[in-house]
Amino acid sequence: MADTPTHVESSKVESSRPDFIRLAEVTKRFGATPPALDKVSGIIRGGEITGLVGPDGAGKTTLIRLMTGLMVPEEGSLMVLGFDTVRQAAEIQAAIGYMPQRFGLYEDLTIQENLNLYADLRGLPKSERPAVFEELLTFTDLKRFTARLAGKLSGGMKQKLGLACALLKKPRLLLLDEPGVGVDPISRRELWKMVEDLTKEGIGVVWSTAYLDEAEACDRVLLLNQGKLLFAGEPADLTSRVDGRVFRLSGTEGRRRQVLAQVLNRDGVIDGVIQGDAIRLVMKAGTDANLAVPKDAGADVKVEPTPPRFEDAFVDMLGGGPGGRSRLADAARALPQEGDRPVIEAHGLTKRFGDFTASDKITFDIPRGQIFGLLGPNGAGKSTTFKMLCGLLKPTEGEGRVAGFDLRRDGAEARNRLGYMAQKFSLYGDLSVAQNLDFFAGVYGLSGQRRRERISLMTDIFDFKARADMSAKDLPLGLKQRLALACAVMHEPQVLFLDEPTSGVDPITRREFWTHINGLVEKGVTVLVTTHFMDEAEYCDRISLIYRGRSIALGSPDELKAKVATSENPDPTMEDAFIALVEASESEERAAA
Amino acid sequence: MWWTRLKALILKELLAVLRDPRGRIILIVPPVIQLVVFSYAATLEVRNVDVMVLNRDAGHWGYELVQRIEGSPTFRKVSFTDSPEVLHEAVDRQKVLAAVQISPTFSRDIEAKQPTDVQIILDGRRSNASQIVGGYLNQIVAGLSADTPAGQKAKSSAVSIMPRNWFNPNLIYQWFMVPNLIGSIALLIGMIVTALSIARERELGTFDQLMVSPLRTHEILIGKLLPPMMIGLVHISLYIVAAIVVFGIPLRGSLLLLYGSSIIFMASIVGLGLFISAMSMTQQQAILGAFLVLVPGMLLSGFATPIENMPGWLQPVTYINPLRYFLVIVRGVFLKDIPVSQVVTLTIPLAFIAAFTLSAAAWLFRKRLE
């Protein structure tokens, strides 16, 4: 017992950790919009990782830039390492390491040249350089690639180099702005490990993220939403608010989407999401989860308690998720089954750019009314596969068909049947909401009565009326998301192509989005979604795991998770499954070579 | 069906330019600047010139010449010196553009009916201006020499020249420049608006969205080409109104001919603009690409310098420049009633150029989709 550190002991250590940053009622506004940060107060300590958590637009980057002294707060004050950010910015900048979101790397310089440049900029004495470079390159495992251009590195390697550059002059405080974005789960874990090692030397780390699973791993979090601080403290303290209120509902036999839609409308249900074949529920305190189960859900339905997660608590804090009814799906026509042909077919889809094979013999098919996911890190080839199927890229070999059409050949007619929504919500930012709706109605050939009907239906369902004249680029992120969905489904497509549709949006907006998608799928719409976001993968009926251009696993989320379950980890997460499968594929490859 | 799609795209393209603050700046600022700069500031006439006179002659004729130089409206300031060194220095330091030296025997030679001369020193560093000033001074000296006793005697037998300027009787500089501006502004606007159109969509990520819509490739091309042509024609119209109302330039020819050829001219421009746009990944690249074409396009058009003055090997290059033909048409319609046959002769090459640039743009656009 004496050897194992107990909770009491660790909190004793914590209290001895020094305060590195003190935020006092920090407020920052940009223009006339609601404040980017609204009276945020808190403390960040040395020797631990503090998560700055929140969806895009929550104010994370603004807060980090205020900490560096690059920006000045409107009200309130920030003390960083004992210095005031307004008056002593130079002292702060000399003592911290800062890694901005879009790495401060020079893409046309090699790894070594980037390091040299940053050593010059930070004034690292020439005599110390060889030793420091050696240490950092070993630490980040980049030694083999020093002559490679930074622009040619993978997302994970870029972040590691960025980290190395930020660590050149051993900082006391390290500020990392979304280091996990665009990085595959394996590199993300490596990066995390490196940062954890740094905290052991007493360095304070601020890690900003929109991923709530990353938040869970932090020693302490500051949870931001729309510029307001919702919570400050240990993540376990936050999750404890939903202790005993989180349940797993399984055994719905492929009817999980219908059941979820019903469950969400019951009293006492705060939140519900699909998790593989099961449903995850958060109940109001003192409500029996069994009462939430609809009577016709089937005899095999099981409700069992499950440990709470950060996201459950976050949603609870925001007042719960949206209801289960999708007015969009209610208004949609049911699409009948046409023959028994799959709606989307990929046969040996291959794309080569020069001698680089971006995707290699990808094969799968998707029956009507299913959600299929292409899961993989950035640059693995999932976007290439996606683009070949929706006709944006021509396959080097193989064939892709949507609703029986080859999109490269049959063109416009086939494209009339699909809806497309890209990651960055490719709306026309300078056009108003109404003009965007009008444009998409027009290019999809809607005219006259039907056009007016569809536009007013979308305006009504998504509540655009009040903002019809606002430029799309000025909308809050959640509304942009809605508008993109409205534009994509305006013409009632049979097939929806979604490219990372909910990355970075807040959990409520994400739930709302998936409620619509689930509803449409129940009406017979077929969905292909690409994602590197493990939570989105849980919504899929089946997933193809894409890694280095190849599909290394195919199956339902639960099948993939079951594949990697071990006695130590009987209930692996999607990310565990991803990592284990990638590692297995790599060792297979090595064995073959 | 196709019309619904195309109409939506054209409307979107116009809105995208008009609602974007940067887009609006491009539409408003360059035309105004160009109009002000070229029609008022960048004049090719030589005025406000300083000269220096070194008069070593003590007689009547030297004095007379100085009087005439001082009386000329061309020269802002006439200064005097007795020292050749000062004169040398004044030219050296560009204090004066020209210097006149009158020899000590000037009056005596004239009275004796002997040939005599006046030295004019010009600053060759400003070759164009000094050429013109040289001409002015020549005129003054020639006038003087006609009034000398020897000149008076010769006058009865000499041929005198009576110049008359047709089309622009008073040689008003703006009558030449403003019609030119109509062509060049249409080139500038048409080129930049088109060049930005696809590049903007690529940069903002909306291009894929457009490509997965049922719009056919040729519909996208038409939808991208028509709006800049429309915008260009609006600019042409505004400039025509400004030329007539603000500058009082006569409109002697047919507007119908002008608009007819304008459409063909704009087609050749937007084809080129779309080619640049299809090539560029970002708006910055597109703007750079457009200027790479715009600058030689302006210089090799006869806009500022006559094509006849260019070296022989360069002149054929101007044949592929649409602005070259269009400027002749615009000036022709304004200043002389240009005949239909000449407009047709000038429009045929424009149509060929348009056919070429439009096909090249369509080809590259399709190729870049692969």
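First, the ground rules. Residues are numbered from 1 along each chain as its sequence is written, and chains are lettered from A and ligands numbered from 1 in the order in which they are written. Because the model is predicted, local features need pLDDT of at least 70 and side-chain atom pairs count only at pLDDT 80 or more, while totals for chains, interfaces and linings use all residues.

Let's start with chain A. Its secondary structure comes to 22 helices and 23 strands. Here helices (H or I, at least four residues) and strands (E, at least two) are DSSP runs, numbered from the N terminus. The C-alpha trace of chain A spans about 75 × 60 × 55 Å along its principal axes.

How does the radius of gyration of chain A compare with that of a compact globule? Chain A has 25 Å, and a compact globule with 593 residues would have one near 25 Å, so the two agree. The radius is taken over C-alpha atoms, and the globule rule is 2.2 Å times the number of residues to the power 0.38.

Now burial. In chain A, 49% of the 593 residues count as buried. A residue is buried if 20 or more other C-beta atoms lie within 10 Å of its own, exposed if 12 or fewer, and partly exposed in between; C-beta atoms are placed from the backbone.

Next, contacts. Two residues are in contact if their C-beta atoms, placed from the backbone, lie within 7 Å. Take the contacts in chain A with a separation of 6 or more: residues 24 or more positions apart account for 72% of them.

On to the domains of chain A. The assignment gives domain 1 (7–233) and domain 2 (241–325). Such bounds come from an automatic or database domain assignment. The centres of these two domains of chain A, taken over C-alpha atoms, are separated by 36 Å. Seven residues of domain 1 of chain A are in contact with six residues of domain 2 of chain A. Which elements of domain 1 supply at least two residues each to that side? They are helix H8 (212–217), strand S9 (220–225) and strand S10 (228–233) of chain A. H8(A) gives the most, with three residues.

One is A:Pro235, in helix H9 (residues 235–239) of chain A. Is A:Pro235 buried or exposed? A:Pro235 is buried, because 22 other C-beta atoms lie within 10 Å. Beyond its neighbours within four places in sequence, A:Pro235 is in contact with A:Ala215, A:Glu216, A:Cys218, A:Val221 and A:Phe310. A:Cys218 is 17 residues from A:Pro235 in sequence, and their C-alpha atoms are 7.1 Å apart in space.

The other is A:Ser250, in strand S11 (residues 246–250) of chain A. A:Ser250 has 18 C-beta neighbours inside 10 Å, so it counts as partly exposed. Not counting residues up to four places away in sequence, A:Ser250 touches A:Asp277, A:Ala278 and A:Lys302.

Now chain B. Its secondary structure comes to 14 helices and four strands. The radius of gyration of chain B is 28 Å, well over the 21 Å that the globule rule gives for 370 residues, so chain B is more spread out than a compact globule. Its C-alpha atoms fill a box of roughly 95 × 45 × 40 Å along the principal axes. Of the 370 residues in chain B, 38% are buried.

Domain 1 covers 2–42 + 169–368, and domain 2 covers 49–155. Their centres, taken over C-alpha atoms, are 48 Å apart.

Last, how do the two chains meet? In all, 25 residues of chain A are in contact with 23 residues of chain B. On the side of chain A, helix H15 (407–415), strand S19 (418–421) and helix H16 (433–443) each supply at least two residues. The largest share of that side, four residues, comes from H16(A).
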